[in-house]
Amino acid sequence: MKYIYIDESGDLGNKYSSSKYFVFAGIMVDNPKKLNNLIKKSYRKYNKIKEMAEIKGTHTPDNVVLDILKRLNNVDYQAFIIVFDKENMYKIDYGYDTNRLYDILASQLAKLLPINQKTFFSLINQKIKIKFLILINILFAI
């Protein structure tokens, strides 16, 4: 069985305070216990991230991020990522419809996922729409 964890970063807004990029990322593992242990050990080791509900790259010191990435080398995983530079959002034929754009980006990530067996999905962030899971079910006939 495969386990896929998906999260997003940034936003699709166009205000001055909005992010420059919108990112969908996923990590696929055969053994989620190793990944969970890595995260638990990181929380125990670093006081800076103990109070965080989730580890955020922008709020985590570089040395902590590097240590976590080094530990990740001991986990058998595949990573998948879609990065959308929002400077290009007006070049898309769909106009500026954030729901439609979100669906397009989610479907691009879904197409990268090599699903050919029973797979457990975990959507890390509650903002990720249920449509993403529906899309996965349609694309892969799960």
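A: A polar contact is a pair of N or O atoms within 3.5 Å; within protein, one must be able to donate a hydrogen and the other to accept it, and residues adjacent in sequence count only if both atoms are side-chain atoms. The model is predicted: local features need pLDDT of at least 70 and side-chain atom pairs pLDDT 80 or more, while totals for chains, interfaces and linings use all residues. Residues are numbered from 1 along each chain as its sequence is written, and side-chain values use heavy atoms, without hydrogens and water.

Helices (H or I, at least four residues) and strands (E, at least two) are DSSP runs numbered from the N terminus.

β2 has strand neighbours, where pairing requires at least two DSSP bridges. It runs antiparallel to β1, to which 8 bridges join it; V23 of β2 is the bridge partner of S9. β2 is also antiparallel to β3 (residues 77-85), with 9 bridges between them, and here F24 has I82 as its bridge partner.

F24 is buried, as is F22. The two form an edge-to-face aromatic pair, with ring centres 5.3 Å apart and planes at 90°. Rings of Phe, Tyr and Trp (its six-membered ring) pair if their centres lie within 6.5 Å; planes under 30 degrees apart count as stacked, over 60 as edge-to-face and the rest as tilted.

Back on β1 (residues 2-10), K2 lies within the strand. Its relative accessibility is 17%, so K2 counts as buried. The K2 side chain makes a polar contact of 2.7 Å with the side chain of D30.

Next comes helix α1. At its start, a side-chain oxygen of N31 lies within 3.0 Å of the backbone nitrogen of K33. The buried residues of α1 are P32, L35, L38, S42 and Y43. Viewed down the helix axis, these fall within an arc of 130° (taken from the directions from the axis to the C-beta atoms), so they line one face of α1. The face turned away from that buried side carries the exposed residues K33 and R44.

Terms used: Buried means under 20% relative accessible area, exposed over 50%, partly exposed in between (1.4 Å probe, protein chains only).
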